[in-house]
Amino acid sequence: MLPLLLAGCSGDKPSWVDRNQQVIDEYKVTGRTRELPALSVPTVLTDGEPVERAKLPVITIAPGVTATVGWGRGALVERVEMKADASYPAQTLNEELFVIVQDGSATIDVNGTMTALAKNQAIYLQPGAVRSMKAGANGLVAFEVYSPVRLDHLALAGQNTSGVSVSFPDQGVTPSLQPGVVVNVDDIQWTPLIDPVPDRSFRRSTTHARLLWGRNAQISLVRIDPQSEIARHMHPEDQLTTTVRGTIDQGVMDRSYPGSGEAGHVLFLPGGMVHSGKAGDVGVDQLDVFWPVRPDYVERASKQRALYEQVVAPGEMPKKLAEGFTFTEGPTWLKGKLYFSDMYFKNPAAGDWTGSPAQSRLIVMEPDGRHRVLARGMQSNGTIAARNGNLIVCDMFGHRVVELNPATGRVVRVLLDKVDGKPIDGPNDLVMDAKGGLYITDPQFTPEAKKSQPGKQVYYLAPDGTARVVIGPGEYAMPNGVELSPDGKTLYVNNTWSQPGENFVWAYDVAADGSLSNKRQFAALNLTPNVLGAATAADRFDSGADGTAVDTDGRYYVATRSGVQIFMPDGTYAGTIWMPQYPVSITFGGPDNDVLYMVGESSAWSVRTKVRGFRHPDGMQ
């Protein structure tokens with residue numbers, strides 16, 4: 001085992017090696033082996049001992065431009081802060097460089113080409129590129145990762161670099177990003193870093209990362225679920241970890257150290273050092289830098305990308321079709337047009353959901369984005385095609401489900417307004433089975449303080465017009481999107497926020513009479529950092545899960561605050577279609593039913609896919 005522990009080291013045996021070997025023997029830890037380039041770089045970090053960001057060196061690069069620096073043998077990580085309108089002077093790079101914007105904005109000049117950089121965007125540059133930057137009006141905070149280590153910046157940090165060589169043979173890895181091209185970090189798919197937890201009804205890894213790499217260094221923007229653990233493990237690559245958000249107990253060999261995003265703890269783990277972790281109550285986000293690139297992570301990323309590319313071709317991105325709406329919902333593709341609700345709410349962004357049927361509208365849109373108002377006067381929500389070619393609409397504030405003429409917008413008949421002799425409250429979403437029956441969610445999202453029904457429920461409207469409750473009160477904080485598998489055997493219900501229901505998609509077996517059984521967790525939805533870090537524990541489940549869709553292969557799609565999350569029929573996470581605005585609801589459409597339409601708050605979007613959507617009634621394309 002000694003060659004693994006000492007790979008890449010020069011000089012005497014590090015003091016931690018014997019302790020590390022005892023942990024390896026006691027817990028039977030195993031790991032990969034590889035030979036690393038031999039380097040001896042002066043450092044301010046003690047192997048395996050985290051340090052708060054405030055205790056790291058801060059260097060001044062230019063007026064108004066400073067960086068907090070930490071480094072290992074093959075990579076340097078800098079947290080760069082630029083004041084408003086400050087300039088980072090032009091420099092010819094001797095290293096490969098990643099820039100990941102944490103906050104603010106800048107204009108970056110690469111070889112004479114100016115490009116805007118904003119929050120959650122990244123760019124990768126290779127040696128020889130000439131780079132300068134100018135911060136925006138609100139300044140810039142960004143992580144910069146160099147490989148090899150920049151000797152001039154080590155000198156600025158007070159290190160004696162005389163006679164130090166940081167160069168090493170190019171590792172020859174094909175970069176994951178095209179040099180000089182700005183990417184949205186959210187477009188980099190989450191890759192599971194560990195296998196799903198066994199003995200659960202849903203398949204989810206508790207640790208995911210957005211992975212990006214160059215020829216020599218690799219960045220893992222890792223997120224660990226709340227209260228989740230990473231078992232003792234080791235790898236031959238050096239790891240430099242910065243805690244960005246949340247908290248973690250960082251196990252290093254036989255000791256444990258706290259890590260927090262607030263303190264910005266930085267930890268250097270030389271190759272072969274055993275480590276582990278347990279995330280705190282709000283989970284943890286970390287920026288891990290590996291040197292050299294981890295081949296096992298490249299393989300995992302490739303497998304995850306392949307799942308996503310079964311649905312969306314490489315380079316295919318969502319396109320904005322129209323904007324200027326208030327809060328769009330419930331799209332349906334019907335005979336060459338897209339129908340959806342534009343619900344008026346006073347100020348949803350501020351949590352003011354005061355609605356107005358008089359100011360709400362039902363929209364009909366052409367494939368090119370041209371649209372008109374079809375109907376007014378209803379606070380409508382979910383829609384679906386009827387078997388006869390009409391449109392079925394959830395009139396949420398009107399406490400009814402209606403059928404209307406898609407040419408005139410006039411209501412033809414009321415399909416449902418009572419269950420068990422009482423008015424329904426706020427029908428939200430609906431899906432049709434092969435017999436023409438409808439499952440309808442009612443989260444009671446209506447203005448009346450006194451509700452008619454005993455709680456938030458799901459109804460089944462049978463083909464003969466009779467209706468009954470199939471999911472009763474107390475199951476969900478907000479039952480919202482509802483969907484059926486293509487074979488009609490499984491019903492999916494998502495919960496938008498809070499408890500009960502949390503950030504899960506739930507599945508039920510469907511009987512011939514429409515009744516449900518065998519409730520189980522089908523998938524756990526990814527959450528945004530703001531939600532995970534909410535001050536109140538009950539608010540840490542707000543996935544925003546809303547509209548849903550399925551394709552003919554059985555994949556499940558759900559609109560969330562993180563984007564449109566996609567799951568395989570067994571619940572395995574396949575990827576996320578990200579767009580700049582919350583995609584509230586979705587449907588497949590287009591002549592071949594291969595375009596996913598996404599309506600979200602003030603805009604409508606579409607993305608062409610490699611699959612075909614499925615929904616009853618068939619033949620309405």
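**Exercise 1. Find the strand that gives the most to the lining of the largest pocket, then describe that pocket.**

Solution. Strand E5 (96-110) gives the most, with four residues. Strands here are DSSP runs of E with at least two residues, helices are runs of H or I with at least four, and both are numbered from the N terminus. This is a predicted model, in which local features need pLDDT of at least 70, side-chain atom pairs count only at pLDDT 80 or more, and totals for chains, interfaces and linings use all residues. Residues are numbered from 1 along each chain as its sequence is written, and side-chain values use heavy atoms, with hydrogens and water left out.

Next, the volume. The largest pocket holds about 1,300 Å³ of space. A pocket is an open set of points on a 1 Å grid over the protein atoms alone, where a 1.4 Å probe fits, with protein on both sides within 12 Å along at least five of seven lines; lining residues have an atom within 4 Å of a point. Points are joined across faces, edges and corners, and the volume is the space filled by probe spheres set on them.

Then the lining. It has 40 residues, and Lys 119, Asn 120, Asp 186, Arg 223 and Pro 529 are the closest to the centre. Elements that supply at least two residues each include strand E14 (238-252) and helix H5 (529-532). By class, the lining has 16 nonpolar, 13 polar and eleven charged residues. Nonpolar covers Ala, Val, Leu, Ile, Met, Phe, Trp, Tyr, Cys and Pro; charged covers Asp, Glu, Lys and Arg; the others, Gly among them, are polar.

**Exercise 2. Determine which element supplies the largest share of the lining of the second largest pocket.**

Solution. Start with the volume: about 710 Å³. Of its 26 lining residues, Ser 176, Asp 187, Ile 188, Arg 305 and Glu 309 are the closest to the centre. E11, H4 and E41 each supply at least two. H4 has the largest share, four residues.

**Exercise 3. Check the length of helix H4 and locate its buried residues.**

Solution. H4 runs over residues 295-309. The expected span is 1.5 Å times one less than the number of residues. For 15 residues that gives 21 Å, and the end C-alpha atoms are 21 Å apart, which agrees.

Now burial. Tyr 297, Ala 301, Gln 304, Leu 307 and Tyr 308 are buried (buried is under 20% relative accessible area, exposed over 50%, partly exposed in between, with a 1.4 Å probe and protein chains only). These residues fall within an arc of 115 degrees, so they line one face of H4. The arc is taken from the directions between the helix axis and the C-beta atoms. An α-helix has 3.6 residues a turn, so residues three or four places apart point the same way.

**Exercise 4. Decide whether Asn 111 and Met 253 are buried or exposed.**

Solution. Asn 111 sits in the loop between E5 and strand E6 (113-118). Its phi is near 55 degrees. At 52% relative accessibility, Asn 111 is exposed. Met 253 lies in the loop between E14 and strand E15 (255-260). The phi of Met 253 is near 55 degrees. At 6%, Met 253 is buried.
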